[in-house]
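Dear colleague,

I am handing over the structure below, and after it you will find an account of what was found in it. Please keep it open beside the text as you read.

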Amino acid sequence: MSQSPTTHLDFSKYNTGEFFDELVDESGKPRNGAELLIEKLEALDFEELKRRQAGAERSLFRLGITFAVYGDTKGKEKIFPFDIIPRIVPSNEWEWLERGLKQRITALNMFIDDIYHAKWILKDKIIPEEIVLAAASYRKICQGLDPPRKIWCHITGTDLIRGGDGQIHVLEDNLRCPSGVSYVLQNRLVMKRSFPQIFAASHVKPVVDYPSQLLKTLEHLAPDGLPNPTVVVLSPGSFNSAYYEHSFLAQQMGVELVQGSDLVVHEGFVNMRTTAGLKRVDVIYRRIDDDFLDPKAFRPDSMLGVPGLFEVYRAGRVALANAPGTGIADDKVIYSYVDKIVQYYLKEDMIIPNVPTYLCWDDKQRDHVLKNLDKLVVKAANESGGYGMLVGPHSTKAEQDKFADLIKESPRNYIAQPTLSLSRVPTIIGDTVEGRHVDLRPYILYGKDIFVLPGGLTRVALKKGSLVVNSSQGGGSKDTWVIEKS
Amino acid sequence: MLSRVADSIYWMSRYVERAENLARFADVTFNMMLDLPPGSAGQWLPLVSTTGDHEWFQEHYGDPTQENVIRFLTFDPEYSNSILCCLQSARENARSVRETISSEMWEDLNSFYLLVMDAASSSDSQQSLQDFFHEVKNASYRFKGITDGTMPHGEPWHFARLGRYIERADKTSRILDVKYFLLLPEPSDIGTSFDDLQWSAVLRSVSGLEMFRKRHHGITPERVVGFLILDRMFPRSIMYCVNEADQALHAISGSPMGTFWNPAEKQMGKLRSELAYAHVDDDIIEVGLHEFLDALQTKLNTAGKAIYESFIEADSPRVNGGRSQMQTQSSI
């Protein structure tokens with residue numbers, strides 16, 4: 001839909017293509033919950049909309065919401081691209097999602113605890129033993145561990161997508177160090193400034209209390225009887241691409257941001273080095289992978305971790321969020337068993353469905369995958385961030401051949417899924433508004449209760465036709481508005 | 001507060017102050033050259049000597065021409081103490097403590113850094129160089145103002161203050177020292193209007209000419225030396241800086257002034273008393289200005305090391321690897 005300088009948007013002319021659009025239906029009418037937003041957007045001069053878009057980008061720059069570009073010696077930083085047309089989630093859909101996410105996290109937590117204790121789910125042959133024990137993210141060292149309050153996955157960011165039929169699916173469970181929540185909070189801040197009136201009239205559920213919910217979740221893990229536990233955020237350091245988020249969360253919670261070298265194990269406790277000597281640390285929100293956490297327990301060459309940390313953890317004198325070993329539950333092969341996991345532990349049907357998944361580990365399914373590499377998306381079972389991935393329809397024959405070899409070499413390591421037609425949201429592109437594909441990552445905190453942050457990060461693939469929303473590959477973000485029940 | 005954070009804030013502040021003083025350094029020499037009779041162009045050498053990195057300069061540049069020395073001090077990306085590198089280091093330190101400093105400070109330091117980056121890539125005519133030195137000084141004033149106005153005056157702020165004044169004390173002593181070198185070779189000039197002109201330039205380089213005139217009126221070398229080392233009101237005098245640093249240390253530890261709880265307070269307190277009871281004729285000129293300044297710089301370095309031992313490496317068990325190294329001690 002092309003706009004001349006003085007016109008207004010007209011969504012009845014907006015082309016949804018053959019995709020599901022989150023804001024308008026095929027006839028151009030606003031969907032449930034989006035009526036007010038569409039009306040206000042149409043009333044706004046398009047130039048004014050673009051001015052607000054530019055203003056939003058400027059604020060993000062000023063707020064310093066940037067990520068470093070690796071290899072750029074001039075120290076230039078970029079903002080994570082942001083589009084001011086929000087994505088809307090109507091209240092009834094959100095209620096369903098919230099229930100589904102809580103169910104999933106509850107079941108996955110029980111699964112992890114079982115895997116590192118009696119392994120009933122393997123004994124009962126619900127999941128083949130070998131695929132769990134052979135997973136790269138299975139940590140033998142965690143066998144018999146009892147994390148505080150029996151919680152393993154305290155912070156989760158579950159990736160959701162909606163297919164062409166309008167059905168929302170879980171695409172991935174991220175139970176290790178999911179990032180992006182700082183963008184949710186900052187995007188919201190910028191949106192309130194960009195559209196104060198629309199925002200006020202829309203009854204959007206707030207996200208502002210995430211940092212205090214996170215702090216509560218972390219404090220809940222402290223050893224018993226500590227009135228004022230010391231919580232820290234452990235970051236790999238300022239050269240990490242998510243460093244901004246680490247420092248933001250520490251600042252918002254009012255706790256110290258530490259690096260491995262700031263911590264030391266001394267007389268059985270973890271301490272941080274302060275100008276007044278050593279100070280005991282009780283809870284660590286770590287943003288470092290298991291592998292790098294403790295060179296004595298995991299990779300011996302890690303320079304980021306704290307030697308001896310794992311032993312203190314095992315003795316219950318410090319809490320770690322998320323618990324080491326949690327990664328077993330976001331292995332992409334395990335993912336395909338989550339419906340069975342939910343059924344096994346909760347005796348319930350899984351609420352939010354998975355995307356159909358072919359396991360290359362199974363001979364029959366592998367044959368199917370190898371014959372259809374040009375149509376499927378192939379993923380490495382233990383990678384995240386869009387790495388180690390083949391998008392069949394957008395790949396060359398050579399890339400397909402390479403993946404065929406990889407799959408034959410280590411079938412356990414690969415899964416495949418049909419290429420999904422992700423839903424779209426209207427997005428400002430130059431002088432027009434066009435549909436762009438999105439996903440959604442809600443954030444779930446498992447503490448005393450399970451808290452789901454209303455909305456989450458909507459990532460948008462800004463390149464025309466692209467299905468890859470990762471920031472490292474040309475993705476941007478949008479604010480996500482969960483509308484309060486009226 | 002975390003030792004690493006204290007260290008980074010201290011060095012962030014030192015590097016900004018260092019960049020400002022380098023600009024003053026280069027600016028005053030530049031201006032003096034314009035006043036010197038033709039043929040005395042070799043006067044850039046003392047500037048290099050007092051950086052303490054004479055050998056490095058020889059190796060990378062050779063002749064101490066104006067062009068070489070100015071590039072060395074301002075935009076050399078290889079020389080770790082050039083204005084450009086100081087700003088890079090200040091920014092890297094700030095980046096690692098973004099949750100502790102205010103966002104205003106971070107934004108301002110960023111634009112300071114971009115100012116230097118832009119200047120480094122544009123043409124360096126003499127006119128624009130003088131403007132550049134002026135801008136660097138102003139940017140440093142602004143950063144100090146923003147630091148004081150947007151950060152709680154607690155422990156982190158005192159570390160910033162500590163870094164700033166230790167660096168400044170060191171640099172004032174070096175500015176004085178380099179002029180001493182420059183002015184000394186012609187004893188016949190002493191007391192002439194030419195001498196007067198040069199001492200005025202020294203004072204101007206530390207923005208002290210007006211304050212000096214109000215206090216002492218006529219310029220003599222003794223008065224200028226006394227003013228720059230011992231004056232209690234002039235904010236760039238060594239006495240003033242040491243006083244500020246001493247107060248910052250006591251604010252950090254909570255110990256009463258005049259006592260000490262850690263090696264840093266002990267060293268700084270000793271230095272402060274020494275200056276407080278010094279007289280310009282008996283204790284400075286008599287000993288020899290250069291010798292006095294040399295000893296002073298050593299004491300400042302000792303105090304700097306004591307700060308590191310007292311707060312950054314404080315009695316904690318060491319861990320192999322990962323621990324940040326002490327950053328380059330001032331060698332300029």
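**An enclosed helix in chain A**

Helix H9 of chain A, which covers residues 243-253, has 9 of its 11 residues buried, so it is largely enclosed by the rest of the structure. Please bear in mind from the start that this is a predicted model. The buried residues of H9(A) are Tyr243(A), Tyr244(A), Glu245(A), His246(A), Ser247(A), Phe248(A), Leu249(A), Ala250(A) and Met253(A). After H9(A) comes Gly254(A), a residue with a positive phi, near 70°.

**Chain A as a whole**

The secondary structure of chain A consists of 15 helices and 22 strands. Its radius of gyration is 23 Å, close to the 23 Å that the globule rule gives for 486 residues, and chain A is therefore as compact as a globular protein of that length. If you follow the C-alpha trace of chain A along its principal axes, you will find that it spans about 70 × 60 × 50 Å. Of the 486 residues in this chain, 47% count as buried. When contacts in chain A between residues at least 6 apart in sequence are considered, 67% of them join residues at least 24 apart.

**Chain B and a pair of its helices**

How many helices and strands does chain B have? Chain B has 15 helices and 0 strands. Buried residues account for 48% of the 332 residues in chain B, and among its contacts between residues at least 6 apart in sequence, 70% join residues at least 24 apart.

Two packed helices are described by the angle between their axes and the distance between the axes. In chain B, helix H1 (residues 3-35) and helix H5 (residues 83-95) pack at an angle of about 160°, and their axes are 8 Å apart. Angles over 145 degrees count as roughly antiparallel, and H1(B) and H5(B) are therefore roughly antiparallel to each other. The crossing in which H1(B) passes H5(B) is left-handed.

Which residues make this contact? On the side of H1(B) they are Ser8(B), Trp11(B), Met12(B), Tyr15(B), Val16(B), Arg18(B), Ala19(B), Leu22(B) and Ala23(B), while H5(B) contributes Ile83(B), Cys86(B), Leu87(B), Ser89(B), Ala90(B), Asn93(B) and Ala94(B). Taken by class, the residues of the contact between H1(B) and H5(B) comprise 12 nonpolar, 3 polar and 1 charged.

With kind regards

Definitions and conventions:
Residues numbered from 1 in each chain as written. Chains lettered and ligands numbered in written order. Predicted model: local features only at pLDDT ≥ 70, side-chain atom pairs only at ≥ 80, totals over all residues. Axes fitted to C-alpha atoms, helices over the stretch in contact; angles between N-to-C directions. Helix = DSSP H or I, 4+ residues; strand = E, 2+ residues; numbered from the N terminus. Parallel < 35°, antiparallel > 145°, perpendicular 65-115°, else oblique. Left-handed = near helix turned anticlockwise from the far one by under 90°. Contact = placed C-beta atoms within 7 Å. Nonpolar A, V, L, I, M, F, W, Y, C, P; charged D, E, K, R; others polar. Rg over C-alpha atoms; globule rule 2.2 N^0.38 Å. Buried ≥ 20, exposed ≤ 12 C-beta atoms within 10 Å, placed from the backbone.
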